[in-house]
Amino acid sequence: MSQTPPPPPSPSKPLKKNFLTSLNGRRHHHPPLPLPLQRRHLRPLLPDPHHPILPPTPSKPSSPPTTLTHSSLWGIPLSPSAADDRTDVLLLKFLRARDFNAQDSLSMLTKSLQWRDSFKADSILSEDIGFKELEGVVAYMSGCDREGHPVCYNAYGVFKEKGVYERVFGDDEKFERFLRWRVQVLERGISLLQFKPGGVNSIIQVTDLKDMPKRELRVASNQILALFQDNYPELVAKTIFINVPWYFSVLYSMFSPFLTQRTKSKFVIAREGCVVETLYKYIRPEYVPVQYGGLSRPGDLQAGPPKSASEFTVKGGEKVNLEIEGIEGGATITWDIVVGGWDLDYGAEYEPSAEDGYTVTIEKTRRISPSDEPVHNSYTSREPGKMVLSIDNTGSRRRKVAAYRYFVRRPSIQKNDV
(Lines give C-alpha, C1' and ligand atoms only; values in the text may rest on other atoms or scores of the structure.)
Protein backbone atom coordinates (compact mmCIF):
# COMPACT_ATOMS: atom_id res chain seq x y z
CA MET A 1 0.00 0.00 0.00
CA SER A 2 1.56 3.20 -1.16
CA GLN A 3 1.85 6.16 1.11
CA THR A 4 1.73 9.76 0.05
CA PRO A 5 5.07 11.37 0.79
CA PRO A 6 4.89 14.32 3.18
CA PRO A 7 4.94 17.73 1.50
CA PRO A 8 8.32 19.43 1.40
CA PRO A 9 8.85 21.97 4.16
CA SER A 10 7.89 25.46 3.12
CA PRO A 11 10.75 27.93 2.97
CA SER A 12 11.04 30.05 6.08
CA LYS A 13 9.78 33.56 5.71
CA PRO A 14 12.32 36.31 6.12
CA LEU A 15 12.11 38.20 9.37
CA LYS A 16 10.14 41.37 9.16
CA LYS A 17 12.35 44.36 9.85
CA ASN A 18 11.21 46.33 12.86
CA PHE A 19 12.59 48.38 15.72
CA LEU A 20 13.62 45.34 17.75
CA THR A 21 15.41 43.55 14.93
CA SER A 22 17.19 46.80 14.13
CA LEU A 23 18.51 46.94 17.68
CA ASN A 24 19.29 43.28 17.82
CA GLY A 25 20.70 42.81 14.32
CA ARG A 26 19.57 39.34 13.29
CA ARG A 27 17.82 37.01 15.68
CA HIS A 28 20.27 34.16 15.18
CA HIS A 29 23.89 34.99 15.85
CA HIS A 30 26.57 32.54 14.87
CA PRO A 31 29.39 32.13 17.39
CA PRO A 32 32.54 34.17 16.57
CA LEU A 33 34.99 32.33 14.39
CA PRO A 34 38.67 31.91 15.17
CA LEU A 35 40.67 34.49 13.25
CA PRO A 36 42.34 32.04 10.83
CA LEU A 37 38.92 30.79 9.67
CA GLN A 38 38.14 34.21 8.18
CA ARG A 39 40.11 33.21 5.12
CA ARG A 40 37.30 30.70 4.42
CA HIS A 41 34.73 33.49 4.52
CA LEU A 42 35.59 37.00 3.42
CA ARG A 43 39.24 36.87 2.42
CA PRO A 44 38.79 34.39 -0.48
CA LEU A 45 36.51 37.01 -2.03
CA LEU A 46 39.28 39.62 -1.90
CA PRO A 47 41.66 39.15 -4.86
CA ASP A 48 44.33 41.63 -5.74
CA PRO A 49 42.73 44.99 -4.86
CA HIS A 50 43.61 46.39 -8.30
CA HIS A 51 41.43 43.81 -10.09
CA PRO A 52 37.63 43.38 -10.14
CA ILE A 53 36.03 41.37 -7.39
CA LEU A 54 34.35 38.36 -8.95
CA PRO A 55 32.07 36.50 -6.51
CA PRO A 56 31.50 32.74 -6.80
CA THR A 57 29.10 31.54 -9.47
CA PRO A 58 25.77 33.16 -8.54
CA SER A 59 22.37 31.57 -8.95
CA LYS A 60 21.03 34.67 -10.67
CA PRO A 61 22.54 37.28 -13.00
CA SER A 62 25.36 39.07 -11.27
CA SER A 63 25.79 42.81 -11.11
CA PRO A 64 28.79 44.44 -12.78
CA PRO A 65 32.07 43.56 -11.04
CA THR A 66 33.20 45.93 -8.32
CA THR A 67 36.69 47.28 -7.84
CA LEU A 68 38.20 48.04 -4.45
CA THR A 69 39.00 51.73 -4.22
CA HIS A 70 41.65 51.14 -1.55
CA SER A 71 44.42 48.60 -1.06
CA SER A 72 44.29 49.30 2.68
CA LEU A 73 42.02 50.65 5.39
CA TRP A 74 43.44 52.60 8.36
CA GLY A 75 46.88 51.56 7.17
CA ILE A 76 45.96 47.86 7.23
CA PRO A 77 46.41 45.94 3.95
CA LEU A 78 43.29 44.35 2.49
CA SER A 79 45.03 41.99 0.09
CA PRO A 80 44.63 38.33 1.12
CA SER A 81 48.26 37.75 0.22
CA ALA A 82 49.40 40.11 2.95
CA ALA A 83 50.76 38.16 5.91
CA ASP A 84 49.38 40.64 8.43
CA ASP A 85 47.35 39.63 11.50
CA ARG A 86 45.73 43.07 11.48
CA THR A 87 43.96 42.17 8.24
CA ASP A 88 42.24 39.25 9.99
CA VAL A 89 41.13 41.47 12.87
CA LEU A 90 39.78 44.13 10.52
CA LEU A 91 37.89 41.73 8.26
CA LEU A 92 36.37 39.98 11.28
CA LYS A 93 34.64 43.26 12.19
CA PHE A 94 32.89 43.40 8.81
CA LEU A 95 31.95 39.71 9.07
CA ARG A 96 30.41 40.16 12.51
CA ALA A 97 28.52 43.23 11.35
CA ARG A 98 26.83 41.12 8.66
CA ASP A 99 26.25 37.95 10.67
CA PHE A 100 29.19 36.17 8.99
CA ASN A 101 27.62 36.40 5.53
CA ALA A 102 30.62 36.74 3.23
CA GLN A 103 28.81 38.42 0.33
CA ASP A 104 27.07 40.96 2.58
CA SER A 105 30.33 41.65 4.39
CA LEU A 106 32.15 42.20 1.12
CA SER A 107 29.42 44.57 -0.05
CA MET A 108 29.66 46.51 3.20
CA LEU A 109 33.43 46.79 2.91
CA THR A 110 33.24 47.94 -0.72
CA LYS A 111 30.60 50.59 0.01
CA SER A 112 32.59 51.80 3.02
CA LEU A 113 35.71 52.25 0.89
CA GLN A 114 33.69 54.14 -1.70
CA TRP A 115 32.28 56.38 1.01
CA ARG A 116 35.78 57.10 2.31
CA ASP A 117 36.78 58.21 -1.17
CA SER A 118 33.86 60.57 -1.60
CA PHE A 119 34.05 61.86 1.99
CA LYS A 120 37.87 62.17 1.85
CA ALA A 121 38.02 60.40 5.20
CA ASP A 122 41.65 59.30 4.84
CA SER A 123 42.91 62.89 5.03
CA ILE A 124 40.46 64.17 7.62
CA LEU A 125 42.87 63.99 10.57
CA SER A 126 45.07 66.70 9.04
CA GLU A 127 42.17 69.08 8.36
CA ASP A 128 41.45 72.22 10.38
CA ILE A 129 37.67 71.95 10.41
CA GLY A 130 37.16 74.46 13.20
CA PHE A 131 34.59 74.09 15.98
CA LYS A 132 37.25 74.82 18.59
CA GLU A 133 34.47 75.77 20.98
CA LEU A 134 33.17 72.20 20.81
CA GLU A 135 36.52 70.56 21.59
CA GLY A 136 36.44 68.94 25.01
CA VAL A 137 32.72 69.69 25.31
CA VAL A 138 30.58 67.92 22.70
CA ALA A 139 32.77 65.01 21.56
CA TYR A 140 36.36 64.24 22.50
CA MET A 141 38.78 61.39 23.15
CA SER A 142 40.13 61.29 26.69
CA GLY A 143 42.06 58.55 28.44
CA CYS A 144 41.23 54.85 28.43
CA ASP A 145 39.19 52.34 30.38
CA ARG A 146 40.53 49.70 32.75
CA GLU A 147 41.22 47.36 29.80
CA GLY A 148 43.03 49.95 27.73
CA HIS A 149 40.23 50.90 25.31
CA PRO A 150 40.34 54.59 24.28
CA VAL A 151 37.30 56.47 25.61
CA CYS A 152 35.19 58.92 23.59
CA TYR A 153 32.91 61.27 25.55
CA ASN A 154 29.77 62.73 23.96
CA ALA A 155 27.58 65.45 25.47
CA TYR A 156 25.00 67.37 23.48
CA GLY A 157 23.41 69.45 26.24
CA VAL A 158 25.18 72.56 24.93
CA PHE A 159 22.79 72.53 21.94
CA LYS A 160 19.82 73.37 24.13
CA GLU A 161 20.93 76.98 23.64
CA LYS A 162 19.36 78.15 20.40
CA GLY A 163 22.33 80.29 19.41
CA VAL A 164 24.76 77.37 19.64
CA TYR A 165 22.35 75.09 17.81
CA GLU A 166 21.96 77.57 14.93
CA ARG A 167 25.72 78.04 14.59
CA VAL A 168 26.24 74.29 14.20
CA PHE A 169 23.04 72.95 12.59
CA GLY A 170 21.54 76.10 11.07
CA ASP A 171 21.70 74.82 7.47
CA ASP A 172 22.91 71.86 5.42
CA GLU A 173 26.38 73.31 4.90
CA LYS A 174 26.88 73.78 8.65
CA PHE A 175 25.64 70.29 9.39
CA GLU A 176 28.02 68.77 6.82
CA ARG A 177 30.87 70.63 8.49
CA PHE A 178 29.82 69.30 11.90
CA LEU A 179 29.57 65.80 10.47
CA ARG A 180 33.16 66.03 9.21
CA TRP A 181 34.26 67.26 12.63
CA ARG A 182 32.49 64.36 14.36
CA VAL A 183 34.06 61.83 11.99
CA GLN A 184 37.43 63.43 12.69
CA VAL A 185 36.96 62.80 16.43
CA LEU A 186 36.14 59.14 15.73
CA GLU A 187 39.13 58.73 13.42
CA ARG A 188 41.37 60.02 16.21
CA GLY A 189 40.10 57.23 18.39
CA ILE A 190 40.65 54.63 15.68
CA SER A 191 44.23 55.80 15.26
CA LEU A 192 44.83 54.62 18.85
CA LEU A 193 43.71 51.04 18.18
CA GLN A 194 46.11 48.15 17.68
CA PHE A 195 44.08 45.86 15.39
CA LYS A 196 45.94 42.85 16.75
CA PRO A 197 44.57 39.51 17.98
CA GLY A 198 43.89 39.92 21.69
CA GLY A 199 44.82 43.61 21.52
CA VAL A 200 42.90 46.84 21.97
CA ASN A 201 40.71 46.85 18.87
CA SER A 202 37.71 48.98 19.85
CA ILE A 203 36.78 52.09 21.80
CA ILE A 204 34.39 52.94 24.64
CA GLN A 205 31.64 55.52 24.12
CA VAL A 206 30.34 57.55 27.08
CA THR A 207 27.21 59.49 26.09
CA ASP A 208 25.82 62.13 28.44
CA LEU A 209 22.06 62.56 27.91
CA LYS A 210 21.68 65.45 30.36
CA ASP A 211 19.82 68.42 28.83
CA MET A 212 20.04 66.86 25.38
CA PRO A 213 17.44 68.48 23.07
CA LYS A 214 15.77 65.36 21.68
CA ARG A 215 13.58 66.81 18.96
CA GLU A 216 16.13 69.21 17.53
CA LEU A 217 18.89 66.62 17.33
CA ARG A 218 16.79 63.64 16.24
CA VAL A 219 17.52 63.97 12.51
CA ALA A 220 21.19 64.83 13.00
CA SER A 221 21.81 62.03 15.49
CA ASN A 222 20.09 59.47 13.25
CA GLN A 223 22.26 60.45 10.29
CA ILE A 224 25.44 60.27 12.35
CA LEU A 225 24.45 56.90 13.82
CA ALA A 226 23.66 55.46 10.37
CA LEU A 227 26.98 56.69 8.99
CA PHE A 228 28.93 55.13 11.87
CA GLN A 229 27.06 51.81 11.62
CA ASP A 230 27.67 51.55 7.87
CA ASN A 231 31.35 52.49 7.88
CA TYR A 232 32.77 51.72 11.34
CA PRO A 233 31.56 48.21 12.19
CA GLU A 234 32.27 46.59 15.55
CA LEU A 235 34.56 49.42 16.64
CA VAL A 236 32.67 50.24 19.86
CA ALA A 237 33.23 47.74 22.69
CA LYS A 238 30.71 49.35 25.02
CA THR A 239 28.42 52.40 25.16
CA ILE A 240 27.80 53.89 28.60
CA PHE A 241 24.78 56.20 28.80
CA ILE A 242 24.95 58.56 31.78
CA ASN A 243 22.50 61.05 33.30
CA VAL A 244 19.78 58.98 31.68
CA PRO A 245 16.22 60.39 32.07
CA TRP A 246 13.59 58.12 33.57
CA TYR A 247 11.71 57.52 30.31
CA PHE A 248 14.89 56.26 28.60
CA SER A 249 15.35 53.69 31.35
CA VAL A 250 11.73 52.57 31.01
CA LEU A 251 12.01 52.14 27.24
CA TYR A 252 15.24 50.18 27.55
CA SER A 253 13.78 47.87 30.20
CA MET A 254 10.84 47.16 27.88
CA PHE A 255 12.98 46.20 24.90
CA SER A 256 15.96 44.58 26.62
CA PRO A 257 14.30 41.13 26.94
CA PHE A 258 14.25 40.94 23.12
CA LEU A 259 17.97 41.67 22.76
CA THR A 260 20.70 39.06 22.68
CA GLN A 261 23.08 38.85 25.61
CA ARG A 262 25.94 40.02 23.39
CA THR A 263 23.98 43.12 22.36
CA LYS A 264 22.92 43.91 25.94
CA SER A 265 26.50 43.54 27.16
CA LYS A 266 27.46 46.50 25.00
CA PHE A 267 25.08 48.93 26.75
CA VAL A 268 25.31 50.36 30.26
CA ILE A 269 22.57 52.63 31.63
CA ALA A 270 23.33 55.05 34.50
CA ARG A 271 20.72 57.44 35.81
CA GLU A 272 21.65 60.78 37.36
CA GLY A 273 23.08 60.14 40.81
CA CYS A 274 24.78 56.90 39.76
CA VAL A 275 27.18 58.37 37.21
CA VAL A 276 30.41 58.31 39.23
CA GLU A 277 29.88 54.82 40.62
CA THR A 278 29.10 53.48 37.14
CA LEU A 279 32.06 55.14 35.44
CA TYR A 280 34.48 53.92 38.12
CA LYS A 281 33.49 50.33 37.31
CA TYR A 282 34.97 50.72 33.85
CA ILE A 283 37.37 53.68 34.02
CA ARG A 284 39.93 54.52 36.69
CA PRO A 285 39.30 57.83 38.54
CA GLU A 286 42.45 59.50 37.20
CA TYR A 287 41.06 59.10 33.67
CA VAL A 288 37.48 60.22 34.39
CA PRO A 289 36.93 63.94 33.59
CA VAL A 290 36.32 66.19 36.59
CA GLN A 291 32.80 67.09 35.42
CA TYR A 292 31.86 63.43 35.80
CA GLY A 293 33.37 62.95 39.26
CA GLY A 294 36.92 62.03 38.26
CA LEU A 295 40.35 63.58 38.68
CA SER A 296 41.23 64.30 35.04
CA ARG A 297 41.35 68.00 34.20
CA PRO A 298 41.72 69.38 30.66
CA GLY A 299 45.32 69.04 29.53
CA ASP A 300 46.36 66.62 32.29
CA LEU A 301 46.88 63.68 29.95
CA GLN A 302 49.07 65.65 27.54
CA ALA A 303 51.99 65.32 29.95
CA GLY A 304 51.80 61.53 29.90
CA PRO A 305 50.05 58.87 31.98
CA PRO A 306 48.59 60.35 35.18
CA LYS A 307 49.52 59.28 38.68
CA SER A 308 47.24 56.50 39.85
CA ALA A 309 44.58 57.30 42.43
CA SER A 310 43.58 55.21 45.42
CA GLU A 311 39.89 54.29 45.49
CA PHE A 312 37.76 53.88 48.59
CA THR A 313 34.12 54.01 49.68
CA VAL A 314 32.39 56.10 52.30
CA LYS A 315 29.44 54.32 53.85
CA GLY A 316 26.28 56.09 54.88
CA GLY A 317 26.63 57.55 58.38
CA GLU A 318 30.42 57.10 58.31
CA LYS A 319 33.32 59.49 58.81
CA VAL A 320 36.64 58.64 57.15
CA ASN A 321 40.04 60.13 57.99
CA LEU A 322 42.77 59.61 55.38
CA GLU A 323 46.23 59.93 56.93
CA ILE A 324 49.31 60.63 54.82
CA GLU A 325 52.27 59.99 57.10
CA GLY A 326 56.04 60.39 56.93
CA ILE A 327 56.11 63.96 55.63
CA GLU A 328 59.45 65.68 56.26
CA GLY A 329 59.86 69.21 57.47
CA GLY A 330 60.06 71.59 54.50
CA ALA A 331 58.39 69.11 52.14
CA THR A 332 55.47 70.16 49.94
CA ILE A 333 52.49 67.85 49.64
CA THR A 334 49.92 68.25 46.87
CA TRP A 335 46.69 66.27 46.89
CA ASP A 336 43.52 65.66 44.89
CA ILE A 337 40.40 64.16 46.39
CA VAL A 338 36.88 63.58 45.09
CA VAL A 339 33.75 61.86 46.40
CA GLY A 340 31.01 60.88 43.98
CA GLY A 341 27.97 63.05 44.57
CA TRP A 342 29.81 64.86 47.46
CA ASP A 343 26.97 66.37 49.60
CA LEU A 344 29.09 65.89 52.73
CA ASP A 345 31.63 67.73 54.90
CA TYR A 346 35.34 67.89 54.08
CA GLY A 347 38.37 69.34 55.84
CA ALA A 348 42.18 69.04 55.95
CA GLU A 349 44.68 69.36 58.83
CA TYR A 350 48.41 68.91 59.35
CA GLU A 351 49.48 67.20 62.59
CA PRO A 352 53.16 67.58 63.60
CA SER A 353 55.00 64.52 64.89
CA ALA A 354 56.28 66.36 67.97
CA GLU A 355 54.09 65.95 71.03
CA ASP A 356 54.20 69.67 71.74
CA GLY A 357 53.38 70.58 68.14
CA TYR A 358 50.22 72.40 67.13
CA THR A 359 47.75 71.05 64.59
CA VAL A 360 47.46 73.35 61.58
CA THR A 361 44.06 73.76 59.94
CA ILE A 362 44.71 73.86 56.21
CA GLU A 363 41.11 73.70 55.00
CA LYS A 364 38.30 74.42 57.40
CA THR A 365 35.56 71.83 57.43
CA ARG A 366 33.01 72.84 54.85
CA ARG A 367 30.05 71.42 53.00
CA ILE A 368 30.80 70.17 49.48
CA SER A 369 27.84 70.32 47.10
CA PRO A 370 27.07 67.61 44.52
CA SER A 371 28.14 69.90 41.67
CA ASP A 372 31.57 70.76 43.14
CA GLU A 373 34.67 69.52 41.34
CA PRO A 374 37.53 67.63 43.04
CA VAL A 375 39.59 69.39 45.71
CA HIS A 376 43.11 70.27 44.58
CA ASN A 377 45.43 71.82 47.18
CA SER A 378 49.00 71.87 48.46
CA TYR A 379 50.84 72.62 51.72
CA THR A 380 54.49 73.09 52.67
CA SER A 381 55.26 71.72 56.13
CA ARG A 382 57.52 73.44 58.63
CA GLU A 383 58.18 70.28 60.63
CA PRO A 384 57.75 66.51 60.23
CA GLY A 385 54.21 65.22 60.56
CA LYS A 386 51.21 63.86 58.73
CA MET A 387 48.33 65.17 56.66
CA VAL A 388 44.77 64.23 57.66
CA LEU A 389 41.95 64.54 55.12
CA SER A 390 38.52 64.26 56.73
CA ILE A 391 35.37 63.08 54.86
CA ASP A 392 32.24 63.24 57.02
CA ASN A 393 29.21 61.42 55.58
CA THR A 394 27.35 61.04 58.88
CA GLY A 395 24.48 63.16 57.59
CA SER A 396 23.68 60.76 54.76
CA ARG A 397 22.57 57.14 54.54
CA ARG A 398 23.96 56.71 51.04
CA ARG A 399 27.18 54.86 50.22
CA LYS A 400 29.54 56.87 48.00
CA VAL A 401 32.61 56.02 45.94
CA ALA A 402 35.69 58.21 46.26
CA ALA A 403 39.30 58.56 45.16
CA TYR A 404 42.40 60.50 46.15
CA ARG A 405 46.07 60.81 45.28
CA TYR A 406 48.98 62.87 46.51
CA PHE A 407 52.49 63.95 45.57
CA VAL A 408 55.25 64.81 48.03
CA ARG A 409 58.15 67.00 46.92
CA ARG A 410 60.99 66.61 49.36
CA PRO A 411 62.82 69.74 50.53
CA SER A 412 65.81 70.77 48.46
CA ILE A 413 69.20 70.32 50.16
CA GLN A 414 71.22 73.49 50.23
CA LYS A 415 75.01 73.15 50.49
CA ASN A 416 76.90 75.57 52.72
CA ASP A 417 79.41 77.80 51.03
CA VAL A 418 82.96 76.63 51.61
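Guide: Leaving aside neighbours within four places in sequence, T239 touches Q205, T207, K266, F267 and V268. Keep in mind that this is a predicted model.

Visitor: Where is T239 placed, and is T239 buried or exposed?

Guide: T239 belongs to strand β6, residues 236-244. Buried means under 20% relative accessible area. T239 has 14% relative accessibility, so T239 counts as buried.

Visitor: How do strands of a sheet pair?

Guide: In general, they pair through backbone hydrogen bonds, and the pairing is either parallel or antiparallel. Here, β6 is part of an open sheet of five strands, ordered β3-β4-β5-β6-β7, with mixed pairing.

Visitor: Which strands stand at the edges of this sheet?

Guide: They are β3 (139-144) and β7 (267-271). Each has a single partner strand, so one side of each is left without a neighbour in the sheet. From one strand to the next, the twist averages 20°.

Visitor: How many bridges pair β5 with β6, and in which sense?

Guide: Strand β5, residues 203-208, pairs with β6 over six bridges in the parallel sense.

Visitor: Which other strands does α9 lie across?

Guide: Helix α9 (residues 275-282) lies across β8, β10 and β15 (400-409), and runs at about 65° to β15. Those strands belong to an open sheet of four, in the order β8-β15-β10-β13, where the pairing is antiparallel. The edges are β8 (310-314) and β13 (375-380); each has a single partner strand, so one side of each lacks a neighbour in the sheet. The twist here averages 25° from one strand to the next.

Visitor: How many bridges join β10 to β13?

Guide: There are six, between antiparallel strands, with β10 covering residues 332-339. I337 stands opposite V375 in β13.

Visitor: Now the surface. Which residues form the nonpolar patch?

Guide: The patch consists of W246, Y247, V250, L251 and M254, which together have about 500 Å² of accessible area. W246 lies in helix α7, residues 246-255.

Visitor: Why does W246 count as exposed?

Guide: The cut-off for exposed is over 50% relative accessible area. W246 counts as exposed because its relative accessibility is 56%.

Definitions and conventions
Residues are numbered from 1 along each chain as its sequence is written. This is a predicted model: local features need pLDDT of at least 70, side-chain atom pairs count only at pLDDT 80 or more; totals for chains, interfaces and linings use all residues. Side-chain values use heavy atoms; hydrogens and water are left out. Patches are made of residues with over 30% relative accessible area and no salt bridge: like charges are joined within 9 Å, nonpolar side chains (Val, Leu, Ile, Met, Phe, Trp, Tyr) within 5 Å. Accessible areas come from the Shrake-Rupley method with a 1.4 Å probe; for residues, only the protein chains shown count as cover. A salt bridge is a side-chain nitrogen of Lys or Arg within 4 Å of a carboxyl oxygen of Asp or Glu. Helices (H or I, at least four residues) and strands (E, at least two) are DSSP runs, numbered from the N terminus. Buried means under 20% relative accessible area, exposed over 50%, partly exposed in between (1.4 Å probe, protein chains only). Two strands pair if DSSP finds at least two bridges between them. Axes are lines fitted to C-alpha atoms, for helices over the stretch in contact, and angles run from 0 to 180 degrees between N-to-C directions. Contact means heavy atoms within 4.5 Å.
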